[in-house]
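Here is a short tour of one protein model, written for reading with the structure open beside you. Please turn to the view below and follow along.

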Amino acid sequence: MITISKTKQLTLIQAITDGMRTMLEEKEEVVVLGEDVGKNGGVFRATDGLQEEFGEKRVFDTPLSEAGIIGSSIGMAMNGLLPVAEIQFLGFIYPAYEQIMTHATRMRYRTKGSFTVPLVIRAPYGAGVRAPEIHSDSMEALFTHMPGIKVVCPSNPYDAKGLLISAIEDPDPVLFLEPLRLYRAVRGEVPEEKYEIEIGKGKYLREGDDATVIAWGAMVPVAMKAAEQAADKGISCDVIDLRTLYPIDKAIIAESVKKTGRCVVVHEAPATGGLGNDIISIVNDTSFLYMKSPIERVTGADVHVPFWALEEHNIPTPARVTDAIYKVIHF
């Protein structure tokens, strides 16, 4: 438990910068690397000013090679450093997928615990800012399927700083997903001190008795807006921000669904193979006999994220989530 003496109003991306600065100040083993993270401060300015403050040996640019960034980071992590690697967009991570899945996630297992890979991979993800093809992918399920890597996804500034610090302190690789749609869309009070938020724990954002709505990242404000609209019709909802996608907080899902008997899962990734399917399995395993209606999913379509003119048609909206809430209520 920390004693909070002072807080400041930050956007989500400012909180991420603050988290990196906090750890760069505390531990000389922390290094920040990626394309344009040095002099230019990153494509979204998440690392703005860090190279000037901590020097080129600790905050440095890399060649345009995602596989090289992650491969080098794995080597650094196995030899005592704490690399925080930036991939400019999650959709650019595919060339590095082999390094992550074949090496980063398996090193502890492969060496029988002799080596770990304390690596954080930061990656903005998701649609809603009208970016070109590939920039808006939301493929978190590709990573939650593989044991050996944790997957974290904050939805507000407070959680962003606390979870990032926890990720840097973690002895194993962590994929830190940043909802770029929320980078500058939300502000919140963030402690100036170092603090951590436990990886693997979800959070109630709103409590009710009639239905459970589960979301993460950029879909959290959508779920909250839908719950507000449902409340106008006399329907009260639990809204759960998962915050960590692997390991997922099964206990909070079971607790809420056992109470409400109804569940709506919201994510912007395609439905097929999406994390929503795992959540349905968790409900089936833990709370099936409490259910009053089938679970509803509100997701992106099974297509690549459309170009900007059609992008908004693919992203779940509060209206779609509200309709799903009504459907589970009136089944």
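This is a predicted model: local features need pLDDT of at least 70, side-chain atom pairs count only at pLDDT 80 or more; totals for chains, interfaces and linings use all residues.

The crossing of helix 9 with helix 10 is right-handed.

To find the contact on your screen, pick out K250, I253, A254, V257 and K258 on the helix 9 side. Their partners in helix 10 are I279, I282, V283, T286 and S287. By residue type, this contact between helix 9 and helix 10 is made of 6 nonpolar, 2 polar and 2 charged residues.

## An open sheet and the helix across it

Next comes an open sheet of 5 strands, whose order is 9-11-10-13-14 and whose pairing is mixed. Strand 9 (203-206) and strand 14 (296-300) are the edge strands, each pairing on one side only. From one strand to the next, the twist averages 25°.

Within the sheet, look at strand 10 (residues 211-215) and strand 13 (residues 263-270), which pair in the parallel sense over 3 bridges. A handy landmark here is V213, which stands opposite V264 in strand 13. Helix 12 (residues 318-329) lies across strand 10, strand 11 (237-241), strand 13 and strand 14, and runs at about 165° to strand 14.

## A cavity

How many cavities of 30 Å³ or more are there? The count comes to 1, and the largest cavity has a volume of about 30 Å³.

The residues lining the largest cavity are Y125, S138, E140, W216, M219, V266, H267 and E268. Sorted by type, the lining of the largest cavity holds 4 nonpolar, 2 polar and 2 charged residues.

## Two backbone details

Most residues other than glycine have a negative phi, and most peptide bonds are trans. Two places in this model are worth a look with that in mind.

You will find R45 in the loop between strand 2 (30-34) and helix 2 (50-54).

Notes
Residues are numbered from 1 along each chain as its sequence is written. Side-chain values use heavy atoms; hydrogens and water are left out. A crossing is left-handed if the near helix is turned anticlockwise from the far one by less than a right angle, and right-handed if clockwise. Helices (H or I, at least four residues) and strands (E, at least two) are DSSP runs, numbered from the N terminus. Contact means heavy atoms within 4.5 Å. Ala, Val, Leu, Ile, Met, Phe, Trp, Tyr, Cys and Pro count as nonpolar, Asp, Glu, Lys and Arg as charged, and the others, Gly among them, as polar. Two strands pair if DSSP finds at least two bridges between them. Axes are lines fitted to C-alpha atoms, for helices over the stretch in contact, and angles run from 0 to 180 degrees between N-to-C directions. On a 1 Å grid over the protein atoms alone, a cavity is a set of points where a 1.4 Å probe fits but cannot get out, and a pocket is an open set with protein on both sides within 12 Å along at least five of seven lines; lining residues have an atom within 4 Å of a point. Grid points are joined across faces, edges and corners, and a volume is the space filled by probe spheres set on the points.
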